[in-house]
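Please open the model in a viewer and keep the selection tool at hand.

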Amino acid sequence: MADGGRVLIIGAGGRMGAALARQFGHTRSVLGWKRADLDISKPALVREAVRRQDFTTVIYTAGTTNVDRCEEYPEESHATNTETPRVLAEVCREKGARLIHVSTDYVFDGNSPALRKETDLAEPICKYGLHKLEGEHAVLDVSPGFLVLRVSWLFGPDRKSFVDMILERALEHDRVEAIADKVSSPTYSIDLAQWIEPMVDDQRYHGLLHLSNAGATSWREYGQKCLDIASELGLPLKTHTVHGVSRKDFPTFKAQRPEYTAFDTTKFRQLSGTEPRSWEDALQEYLREHVVGELSSKLAAAAGT
Ligand SMILES: NC(=O)C1=CN([C@@H]2O[C@H](COP(=O)(O)OP(=O)(O)OC[C@H]3O[C@@H](n4cnc5c(N)ncnc54)[C@H](OP(=O)(O)O)[C@@H]3O)[C@@H](O)[C@H]2O)C=CC1
Ligand SMILES: Cc1cn([C@H]2C[C@H](O)[C@@H](COP(=O)(O)OP(=O)(O)O[C@H]3O[C@@H](C)C(=O)[C@@H](O)[C@H]3O)O2)c(=O)[nH]c1=O
């Protein structure tokens, strides 16, 4: 183990938390808590449970992340996305520990097509975005030395996302659609884990920080790129085209989603000296290493070959 104290990851069963736990586990002492270990919708219980632990850093990647559920159950969303982050900040301050909290591009209204900086005004248009923004304020009000990472459109091997959904649809259906009037920066959980690791002990990273792979895309173009890469890698898709639809064509969406929320990552690039690779390169690696082989084997097994 390298030097540095113990990192408590709350949300280790999720897409981002699992990637962090795996990456940090090579070099640090890590305690990863999943849903069975802690109910984050009960802030008072969270306070007691976290107080009993020894750690030097807490990373909070958990939360109510189903955007429509946040609209339907705002009390739960407020507890997990605002109140529990506040409690974690208070406990970390008591213990002299560091807190890294994770937030979202959905804090922005998305009304203009410009890359979002950390200093831009955040005006959320859905409960999820509002409660995440209130969580950011709660954490940084307790200590401006804590770090709030805003990330966007995550994909990775630990939990299915839009990428996996669009491929599964293209394997089964002749027509596939995705939303064209919504733009952000897809981000690979494995890249994220590598970027975050040096931030654990480095106090230069504090306040708000935008983190994403490079480039911006609509959900339609993102889906199209998934099909293009998967097809090149030999996946026998039923269709090779993603047709564009509008957010308005999704009457089942309970939450309003912002139109343009891609990040300006200048602050991260300057602090770290790292240039995030493009979302397309990261997607290519994800599909090659984690998705296409597995899907091909499943298809072969189903066909009895
Ligand atoms: N996914 C994305 O595209 C984006 C995510 N973010 C933010 O990044 C962070 C990580 O997201 P991601 O890893 O994708 O999210 P996930 O949904 O994969 O992980 C969230 C975790 O929180 C857990 N959780 C939810 N409710 C409770 C509860 N009441 N008690 C205990 N655990 C609970 C979930 O448990 P279980 O596994 O049992 O469901 C899950 O493991 C979050 O803060 C999210 O808001 C920001 C922008 C984009
Ligand atoms: C984009 C899209 C989604 N869907 C479906 C899939 C899913 O059931 C539902 C919502 O999709 P998503 O979960 O990808 O979208 P959404 O819930 O809006 O995703 C968000 O998650 C939170 C945590 C964030 O912080 C955001 O950055 C963003 O990644 O709509 C389609 O059927 N077609 C589409 O083109």
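Predicted model: local features only at pLDDT ≥ 70, side-chain atom pairs only at ≥ 80, totals over all residues.

Residues are numbered from 1 along each chain as its sequence is written, chains are lettered from A and ligands numbered from 1 in the order in which they are written, and side-chain values use heavy atoms, with hydrogens and water left out.

**Stop 1: ligand 1**

Select ligand 1 together with its shell of 23 residues; a residue belongs there if one of its heavy atoms lies within 4 Å of the ligand. Arg15, Arg35, Thr65, Tyr128 and Arg159 come nearest. By class, the shell holds nine nonpolar, nine polar and five charged residues. Here Ala, Val, Leu, Ile, Met, Phe, Trp, Tyr, Cys and Pro count as nonpolar, Asp, Glu, Lys and Arg as charged, and the others, Gly among them, as polar.

Next, colour by secondary structure, where helices (H or I, at least four residues) and strands (E, at least two) are DSSP runs numbered from the N terminus. Helix H1 (15-25), strand S4 (98-104) and helix H5 (127-142) each supply at least two residues of this shell. The largest share, three residues, comes from S4.

Now display the polar contacts of the ligand, that is, pairs of N or O atoms within 3.5 Å. A polar side-chain atom of aspartate 39 is 3.1 Å from a nitrogen atom of ligand 1. At leucine 38, a polar backbone atom lies 3.5 Å from a nitrogen atom of the ligand, and at glycine 14 a polar backbone atom lies 3.2 Å from an oxygen atom of ligand 1. Of the 890 Å² of accessible area that ligand 1 has on its own, the protein covers 86%; such areas come from the Shrake-Rupley method with a 1.4 Å probe.

**Stop 2: ligand 2**

Which residues are the closest to ligand 2? Select the 16 residues that surround it and look for Thr104, Asp105, Tyr106, Tyr128 and Trp219. The shell comprises eleven nonpolar, two polar and three charged residues.

Polar side-chain atoms of aspartate 105 and of tyrosine 106 each lie 2.6 Å from an oxygen atom of ligand 2. A polar backbone atom of isoleucine 179 is 2.9 Å from an oxygen atom of this ligand. The protein covers 76% of the 700 Å² of accessible area that ligand 2 has on its own. Helix H6 (162-172) and strand S7 (176-179) are the elements that give two or more residues to the shell, and H6 gives the most, with three residues.

**Stop 3: helix pairs**

Two packed helices are described by the angle between their axes and the distance between the axes. Axes are lines fitted to C-alpha atoms, for helices over the stretch in contact, and angles run from 0 to 180 degrees between N-to-C directions. Angles under 35 degrees count as roughly parallel, over 145 as roughly antiparallel, 65 to 115 as roughly perpendicular and the rest as oblique.

- Select H6 and helix H10 (residues 279-303): their axes come within 12 Å and cross at roughly 40°, and the two helices are therefore oblique to each other.
- Select helix H4 (residues 74-95) and H5: they pack at about 15° with axes 8 Å apart, which makes H4 roughly parallel to H5.
- Select H1 and helix H7 (residues 189-196): the angle is about 50° and the axes are 9 Å apart, so H1 is oblique to H7.

Terms used: Polar contact = N/O pair within 3.5 Å; in protein donor to acceptor, adjacent residues only side chain to side chain.
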